[in-house]
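Welcome! Here is a short briefing to read alongside the sequence and the 3D view.

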Amino acid sequence: MQQRLIAGNWKMHKTVQEALAFIQEFAKLAPQGNQVEIAVAPPFLALHAVGQSLGDGDYPFKLAAQDLFWEEEGAFTGEISAPMLKHLGCHYVIIGHSERRRLFGETDEEANKKVHAAIRHGLSPILCVGESLQERQAGRTSAIVREQALRGLQGVSSEAIQKVTLAYEPVWAIGTGHAASVVQAEEVHTLLRTTFQEQWGQAGQEIRILYGGSVTPENAGELFRSAHINGALVGKACLNPQAFAKIIHLASPIPQ
Ligand code: PEP
C-alpha cells in the first residue's frame, strides 16, 4: 500500500485572503518529508491563488477541487470542467460527497460520469460513499456502500483504477462530532477492499480507502492504528491549521 493520504475538504469556507493566510500558517506546522501525502481542497475561487502559493513555496501539499462537471466546455452555467481544474494545477478532485448527493440531488450515475471525466483529463478522483443513519439502522450499510462504490466506478479499467481513491464517509458521522468507531470503519473498509479485489484483481488491492466523518486530533490516533484505514478526508478540523497538522502527524506511518 502506498503512503496514507490526508485530504482537507474546506467546503464553502475561506475567502482567497483567508485561504492564503491558512496555507502560510499550515506550512509552518505540517510534517516535512513524504511519509504522508497531504491535499487541500479550497473552494473553486481560491484554487488559483492557493495553487500558486503551493508552487511558489514548494510546499509538499497537493491541490484538490471539491467537485467538477463532466463536460469539457459549453453552455453549463456555473459549472467547472476537468480541463479547467487540471490547468490550475489540481491533482485530486472530490466526487460524490454526501452533501452534493443530499443537497443537490447528485446520483451515482452522475458521480460515475465525473469520475470518468476526471480520469480522462489526468485528475485523480476521490469518490465518496457512505450510508445514512436510517440505512445503517435498517442493516443496509454494506449494500449501500458497495452499490455506491461499484456504480460510481463502473467502467473504470484496471489501469485507471490506480488513480482512484475511495472515501468511506458515513453520512451520520459527517459534521456531527460522532465519528465511526474503528470497528465500524474497519468493517466497511474490509468489505470495500474485498469488493475492489473481486472487481479489479491486484489493482483493487492498491486503491486507497480513506475514512471521513468527524476526524479530529482527538480520535485520529486511534483510527490510524488500523492498517485498513489508508488516510482521511477531513472537514471541520482541516479549517484549523493546528488541528489539521496534528491529524497529519498522527497518520504516519501505516502499521504493517
Ligand atoms: C466531510 O465533509 O468530508 C467531512 C469529513 O466533514 P467533517 O470532518 O466535518 O465531519
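The points below cover the overall shape, the largest pocket and the cysteines. This is a predicted model, in which local features need pLDDT of at least 70, side-chain atom pairs count only at pLDDT 80 or more, and totals for chains, interfaces and linings use all residues. Residues are numbered from 1 along each chain as its sequence is written, and side-chain values use heavy atoms, with hydrogens and water left out.

**Overall shape**
- The chain has 11 helices and 8 strands, counted as DSSP runs (helices H or I, at least four residues; strands E, at least two) numbered from the N terminus.
- Its C-alpha atoms fill a box of roughly 45 × 45 × 35 Å along the principal axes.
- Of the 256 residues in the chain, 52% are buried, meaning under 20% relative accessible area with a 1.4 Å probe, protein chains only.

**Largest pocket**
- Helix α4 (residues 98–104) gives the most to the lining of the largest pocket, with 4 residues; lining residues have an atom within 4 Å of a point of the pocket, which is an open set on a 1 Å grid where a 1.4 Å probe fits, with protein on both sides within 12 Å along at least five of seven lines.
- The lining divides into 10 nonpolar, 4 polar and 5 charged residues, where Asp, Glu, Lys and Arg count as charged, Ala, Val, Leu, Ile, Met, Phe, Trp, Tyr, Cys and Pro as nonpolar, and the others, Gly among them, as polar.

**Cysteines**
- The structure holds 0 disulfides, a disulfide being a pair of cysteine sulfur atoms within 2.5 Å.
- The closest cysteine sulfur to that of C90 is in C238, 15 Å away and too far for a bond.
- C238 is buried, at 0% relative accessibility.

Methods. Buried < 20%, exposed > 50% of the residue type's maximum accessible area, 1.4 Å probe, protein only.
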